[in-house]
Amino acid sequence: MEPHLAYLCLLIPHTTQMLTLFFQDFVFTAIATVNRLQENIQWWYMSCDKCHKLATKETKNYYCKSCSIYPKKVTPRYRVRLQISDHTSTTSCTLFDEEAARLLNTSASKLLDTQDGKSEEVPKIIQQLCGRRLIFRFKLNDNNLTFGTQNYAVKRTFVPDDRLEMLYLDNKAEEELMDDEVDIVLMKKQNMPDTKSQNNKVSSGKLSCEQVPVKEEPHDSTG
Ligand SMILES: [Zn+2]
């Protein structure tokens, strides 16, 4: 599992200057504000119903390159490119169908129906994402990890609230408690009776032999 750490060290200078809440496997979570929608990129695509990948229009029918078929059914799905930032950095990410539908509370097909055939135009509901501060949970892919490509797939968004901010603070506290210094402080407290032996470099085997029997039992003297 060591590669994770190495990757993250490489990534941090480029991509995760943003306020980071969690690092777990290839997932990271950050609070950021949506600056704008990526220009010149359509907010939806026609998908093959079999694989959900891009189906391109060929004269009459849609063709799926991945499946090498003309799918019987195609469905519009979200693919919203956003530019986001926090006080330290700016980057871009992509909201895919499931999460965009959840966030916007409507499906891409329904939204297209309201567009009056102007499928190129960005619906107001998507434009209104601009300026919103959200918690983004990203899943890093090979391109992010290997090439430092700055376009992250958004796996989940959350609306920041007090509870989550508190959770963040809790996690911060835990992170700080991971410090070796804390180990030392706590160790000293535990071994208070024989602090001197700790400063001397006694072989650990001998030390532990001595420590075990010296266990006081204060609750022995009740009453
Ligand atoms: Zn397909």
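Q: How are helices and strands defined, and how many of each are in the chain?
A: Helices (H or I, at least four residues) and strands (E, at least two) are DSSP runs, numbered from the N terminus. This is a predicted model, in which local features need pLDDT of at least 70, side-chain atom pairs count only at pLDDT 80 or more, and totals for chains, interfaces and linings use all residues. Residues are numbered from 1 along each chain as its sequence is written. The chain has 9 helices and 9 strands.

Q: Which residue of β7 is the bridge partner of Ile84?
A: Two strands pair if DSSP finds at least two bridges between them. In β7, the partner of Ile84 is Thr91.

Q: Which residue of β9 is the bridge partner of Cys93?
A: Strand β9 (residues 151-158) pairs with β7 in the parallel sense, over 4 bridges. In β9, the bridge partner of Cys93 is Tyr152.

Q: Which residues have the most contacts inside the largest nonpolar core?
A: A nonpolar core is a set of buried Ala, Val, Leu, Ile, Met, Phe, Trp, Tyr and Cys residues joined through C-beta atoms within 7 Å; buried means that 20 or more other C-beta atoms, placed from the backbone, lie within 10 Å of a residue's own. The largest such core has 24 residues, and those with the most contacts inside it are Tyr78, Val80, Leu82, Cys93, Leu95 and Phe136.

Technical notes: Buried ≥ 20, exposed ≤ 12 C-beta atoms within 10 Å, placed from the backbone.
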